[in-house]
Amino acid sequence: MPSLIYAPVFALLVFEMSVFVLLIVPLPYTMKRKVFTFISENPLIAKLQYGLKITFIFILILFLDSVNRVYSVQLELAKTKKSQNSAMLEGSGRMEVQARKFYSQRNMYLCGFTLFLSLILNRTYVMILDTLRLEEKVKRYEGDPKAQGKDSDKLAQAGGAGEIGKLKNQLAQKDRDIETLKKQSEGLSREYGNLGDQYSKQNPDSTPKKDR
């Protein structure tokens, strides 16, 4: 049963290693920009990332459990050595404890490396995105026509994957629209005030007078 539980963890570790190799493979700038734009906008990849986050929570629980098991086995070995029981020290009982220690340590390292590599992948992805954006700015300053267009705008907005990124962009657009409407309303109120002042200056007799 434990082997069936940790087999998917090992498969996920191999998958993370493959993704890491693909991230660090040197590619032309145009191709790399299209790949990262596709990753940041694809809704299927966004759902996959959400599922992986939930999976990493379970792996963290397995990691803590394996650490607890390693600690328990270490205490059991210490008690066995203190008892000076030859049957336990050199018999099948000690072999069983050593085997449990080996499997517990293996599971601990497996879960630990999987979690650590997930952090490395996330940081590597963010660093590559930042590097691509800096290259994009340099090409714009140099007047490169390849640094202009829809792909360039998509790269600038990359980082919020899939539907989450679209919602963030829509929210930012609505905020900009609200600010524009506020500025327009302020401008209209100023124009209305100026027209009222001009009308009152041109027709001073039209202003109502209070009865004495």
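Modeller: Gladly! Helices (H or I, at least four residues) and strands (E, at least two) are DSSP runs, numbered from the N terminus. Lysine 101 lies in helix 5. This is a predicted model, in which local features need pLDDT of at least 70, side-chain atom pairs count only at pLDDT 80 or more, and totals for chains, interfaces and linings use all residues. Residues are numbered from 1 along each chain as its sequence is written, and side-chain values use heavy atoms, with hydrogens and water left out.

Biologist: Why is lysine 101 called buried?

Modeller: Buried means under 20% relative accessible area, exposed means over 50%, and partly exposed is in between (1.4 Å probe, protein chains only). Lysine 101 has 18%, so it counts as buried. Beyond its neighbours within four places in sequence, lysine 101 is in contact (heavy atoms within 4.5 Å) with Val73, Gln74 and Leu77.

Biologist: And what makes phenylalanine 102 exposed?

Modeller: Phenylalanine 102 has a relative accessibility of 52%, therefore it is exposed. Tyrosine 103, at 46%, is partly exposed.

Biologist: Why is the pair of phenylalanine 102 and tyrosine 103 called edge-to-face?

Modeller: Rings of Phe, Tyr and Trp (its six-membered ring) pair if their centres lie within 6.5 Å; planes under 30 degrees apart count as stacked, over 60 as edge-to-face and the rest as tilted. The structure holds one aromatic pair. In that pair, phenylalanine 102 and tyrosine 103 are 5.5 Å apart centre to centre with 65 degrees between the planes, which makes them edge-to-face.

Biologist: How do you know that the buried residues of helix 2 line one face?

Modeller: Tyr29, Lys32, Arg33, Phe36, Thr37 and Ser40 are buried in helix 2. Down the helix axis they fall within an arc of 130 degrees (taken from the directions from the axis to the C-beta atoms), so they line one face.

Biologist: What makes the length of helix 2 agree with expectation?

Modeller: The expected span is 1.5 Å times one less than the number of residues. For the 13 residues of helix 2 (residues 29–41) that should be 18 Å, and the end C-alpha atoms are 18 Å apart, so the two agree.

Biologist: Which residues make up the largest nonpolar core?

Modeller: A nonpolar core is a set of buried Ala, Val, Leu, Ile, Met, Phe, Trp, Tyr and Cys residues joined through side-chain atoms within 4.5 Å. The largest has ten residues: Tyr6, Val9, Leu12, Leu13, Phe56, Ile59, Leu110, Cys111, Leu115 and Leu117.
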